Amino acid sequence: MAYLETKNLCKYFGGLKAVDQVNFQVKEGQLQSIIGPNGAGKTTLFNLLSGLYIPTQGKIFFQGQDITDKKMNQISQIGVTKTFQITHIFPRLTVFENVRISAQSRKTSFNFWRKADSLEDINDKTMKILERVQLAASHDRVASILSHGEKKYLEIGIALATDPKLLLLDEPTAGMSPAETILATELIRTLRDKLNLTIVLVEHDMSVVMKISDEVLCLNEGRVLACGSPNEISCNEEVQRVYLGGRKEC
Amino acid sequence: MKANKENTSNTRTRSRVIWVTLAVFLIAPHIISTPLTTEILIFGLFALGFNLLLGYTGILSFGHAAYFGIGCYGCGIAVRDFGFSIWGGLLVSIIMGILLAAVIGAIAIKKKGVYFAMISMAVAQMFYFMALSPLKKWTGGEDGLKFIPKLSLTFPFHVDLQSSFPLYYFVYFVVGISILVIWRILNSPFGRLLQAIRENEERTIASGYNVTMAKFVSLIFSGLFSALAGGLFFVYLGYGPLQTLFWLTSGTILLMTILGGMHTFIGPVVGVAVFLYAQNKLSWTMERWELVVGILFMALILIFPEGIVGTIKVKYLARKTAAQEVGEAE
Amino acid sequence: MELNSTLLINQMLFGLALGAVYILMACGLTIIFGLLDVVNFAHGTFYMLGAFATFVIVSLFGNFWLGLASAVIIVGLVGWVTETYLIKPLYGKDPLYPLMLTFGFSVAVTDLMRGVFGTVGQIVPLPQFFSGSLMWGGIFIPKYRVFIILLMLAVLIFLWYFFKKTNLGMIIRAATRDSLMVQTLGIDVPRIWTFGFALGVGLAGLAGGVNSTIQSALPDMGVEITIECFVVVVIGGLGSLGGAILGGLIIGQVISFVSLFASDWSNVAIFITMLLILLVRTRGLFGEAGRL
């Protein structure tokens with residue numbers, strides 16, 4: 001059984017078919033990348049998976065459960081969490097609080113009496129996550145003054161705090177320097193290997209895609225163009241024509 | 001890069017802020033006019049309730065006079081027409097506040113900020129007009145709620161509400177407890193959730209929170225305390241003015257909150273104190289007091305949106321950070 | 001009171017004339033919101049300024065048309081200055097700030113006008129040309145009401161033409177959708193915003209001027225009218241001019257008929273209407289009622 005699966009998924013905005021009859025599957029513990037030119041429907045697909053958009057047609061299943069009509073917060077509670085393409089953090093809160101409040105979501109928050117700072121287990125979990133995304137030293141900095149790369153790490157940290165089973169990362173290395181990209185790629189690889197997370201990734205940086213993906217899905221004009229291993233995809237003529245450019249002899 | 005603890009965010013409020021405030025208000029009526037300090041306490045509670053919604057959750061209500069007025073009239077009518085005790089009257093205020101907040105929340109809480117601001121303003125205006133004319137029989141119309149018997153407290157012991165000091169300390173007691181309760185709420189997991197919603201609502205939803213419910217509950221608390229303040233206002237005045245429902249009351253509470261600092265806990269109370277004190281001293285001498293107030297408000301928004309306490313906090317933290325860095329360098 | 005068709009048609013026309021004023025104002029508010037993302041809490045104050053401008057000009061020069069025109073021009077200029085110095089600095093900051101600022105503006109200007117004109121209402125005398133009624137199929141309609149309705153239609157046609165056909169209008173529409181894009185085309189978008197604000201409040205000023213013969217101008221009238229205007233756009237949906245028109249029409253009729261049957265409730269009726277519509281159709285009638 002596929003871990004995450006879509007069946008004939010469609011999202012139409014008036015006449016525009018942003019996502020059109022997309023069928024794709026992700027196996028548990030896999031890292032699957034989604035590539036394609038701008039406007040191919042990658043972010044729309046992500047928004048459908050995370051619950052921001054309701055599909056026009058089609059279904060989405062997670063661990064066999066139909067999550068098509070569920071709202072974004074419900075889907076997060078079920079175990080699918082996404083990061084945002086443009087960093088979407090809590091600007092005036094500290095780095096620590098950014099992650100802590102996300103971690104708090106797994107417990108009931110309609111608790112009006114306890115001191116929030118006294119939830120020790122949540123505090124511990126927060127520190128561990130900050131260490132993993134290498135922001136532990138900045139924990140009491142205000143999030144808005146972080147560098148771009150650090151904010152991207154914080155994004156990942158906030159998502160991790162929700163104990164996700166499946167992580168949707170929307171262009172996690174966008175805007176990063178080459179050095180930062182290498183580190184980020186390693187981090188993402190660790191998330192799959194050490195934390196056994198299933199990861200779906202939207203990426204433009206092919207070096208990242210080739211390095212860590214188990215499977216690659218190529219979208220074009222809302223439809224699935226090809227799906228396969230990184231090698232297969234990079235050799236695929238249509239993918240080359242539409243997106244990769246150049247011809248690779250395979 | 002500079003280490004920089006929370007610059008303008010409320011996040012946590014030290015308990016000493018609360019104790020200092022309570023201590024100050026314990027002795028204040030002996031230093032400045034007792035009626036004025038009583039009003040400061042009452043409007044301070046109103047402002048804290050208001051800021052729960054604005055400064056913490058990030059929702060602007062332009063019609064909070066509705067809660068204040070309904071609390072005032074509710075307490076008054078309960079006492080005058082139904083023979084309730086003062087405690088009973090205040091309880092009625094609280095219940096009315098909760099009910100009104102629930103209704104407004106059910107209709108408008110999902111809406112974008114500007115819509116909520118407009119709808120809340122319209123609802124308050126509706127109550128104002130209702131009290132003015134169609135419901136004149138109960139509310140006294142323009143004259144307000146009058147013919148109130150002399151108020152007195154008999155439980156748990158007799159308090160003569162006709163003299164200023166006992167009245168003050170009664171109000172102090174109720175407001176003091178409310179401040180402690182609000183403080184606990186805002187420092188709790190729920191309080192943090194509200195701030196996350198203010199900072200980035202979409203991200204909060206994406207992390208798994210039912211944000212609509214949280215906003216709804218926040219509105220309930222806000223309405224509750226604002227209405228309680230209205231009830232206290234009735235007890236303080238011994239009558240119920242129509243002004244409590246007027247849009248200027250909504251505007252004034254907003255002004256006082258911003259003046260003090262909406263991103264701090266105690267800022268609103270400071271704003272109330274400064275404004276009411278200034279109004280007390282200056283509005284008699286100034287023909288155009290409201291003009292001055294309007295200009296000051298605009299200047300606040302343009303230049304010092306963080307208000308008195310907020311600006312102090314930023315400057316203090318900036319200096320502390322600089323000192324820290326010097327210390328680290330050595 | 002006999003309920004017959006004459007009475008009903010009379011009230012409907014009365015409601016239409018009332019609605020016309022609200023439509024003008026609501027269109028102005030919608031233009032400002034659409035272009036600047038600012039809800040102008042001082043909109044009614046500009047209405048009030050328009051009424052007083054008309055009064056002053058008519059008192060000085062005796063010409064009603066000059067008075068109306070000056071309402072638009074003077075208020076437009078005030079709007080120009082207001083946006084440039086008070087609102088522009090707030091762009092990019094918390095979207096709640098312009099709301100609060102325009103509110104402070106209305107408090108200040110209201111009191112300023114109180115200082116200048118006092119608290120006695122000033123009414124503009126109805127020009128001789130408009131006195132009396134028109135007879136139409138057994139119904140007497142005051143000429144001035146007809147004028148208001150015709151003026152509103154003229155303004156709506158002008159707005160339609162302006163936005164659909166003129167260069168400036170098309171630029172404004174584009175800037176409403178994507179101001180960044182328009183800016184990269186080399187167009188001075190901040191200027192456009194200033195113009196949009198001036199146009200929006202100019203419409204409010206016109207509404208005030210037009211109503212100055214019917215309703216005495218009082219400094220304190222501003223905020224109440226702002227709130228009524230909000231009801232109109234909440235009902236119609238803040239996104240569209242169509243919504244502003246529909247909302248204005250509904251409100252005009254509601255006020256007209258409620259003052260006939262239950263005058264005590266005539267002030268409250270529009271708010272109850274708003275609540276009922278919100279309960280039934282939460283998006284407002286034309287949508288964009290702001291769900292997240």
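Two residues are taken to be in contact if their C-beta atoms, placed from the backbone, lie within 7 Å. On this definition, the contact between chain A and chain B takes 35 residues from chain A and 32 residues from chain B. The model is predicted: local features need pLDDT of at least 70 and side-chain atom pairs count only at pLDDT 80 or more, while totals for chains, interfaces and linings use all residues. Residues are numbered from 1 along each chain as its sequence is written, and chains are lettered from A and ligands numbered from 1 in the order in which they are written.

On the side of chain B that touches chain A, two or more residues come from each of α7 (164-187), α8 (189-199) and α9 (201-206) of chain B. Helices (H or I, at least four residues) and strands (E, at least two) are DSSP runs, numbered from the N terminus. The most is given by α8(B), with eight residues. This side has eleven nonpolar, 13 polar and eight charged residues; Ala, Val, Leu, Ile, Met, Phe, Trp, Tyr, Cys and Pro count as nonpolar, Asp, Glu, Lys and Arg as charged, and the others, Gly among them, as polar.

Chain B also touches chain C, in a contact of 37 residues from chain B and 35 residues from chain C. On the chain C side, α4 (96-117), α9 (221-236) and α11 (266-280) of chain C each supply at least two residues. The largest share, 13 residues, comes from α4(C). By class, the side of chain C that touches chain B divides into 28 nonpolar, four polar and three charged residues.

Chain B itself comprises 14 helices and zero strands. Its C-alpha atoms fill a box of roughly 70 × 45 × 45 Å along the principal axes. Buried residues (20 or more other C-beta atoms within 10 Å of their own, with C-beta atoms placed from the backbone) make up 56% of the 330 residues in chain B. Of the contacts in chain B between residues at least 6 apart in sequence, 78% join residues at least 24 apart.

In chain A, six strands form an open sheet of mixed pairing in the order β6-β7-β8-β3-β9-β10; two strands pair if DSSP finds at least two bridges between them. At the edges stand β6 (80-82) and β10 (223-228) of chain A, each with a single partner strand, so one side of each is left without a neighbour in the sheet. Strands β3 (residues 31-35) and β9 (residues 215-220) of chain A pair in the parallel sense over four bridges, and A:Ile35 has A:Cys218 in β9(A) as its bridge partner.

Definitions and conventions:
Buried ≥ 20, exposed ≤ 12 C-beta atoms within 10 Å, placed from the backbone.
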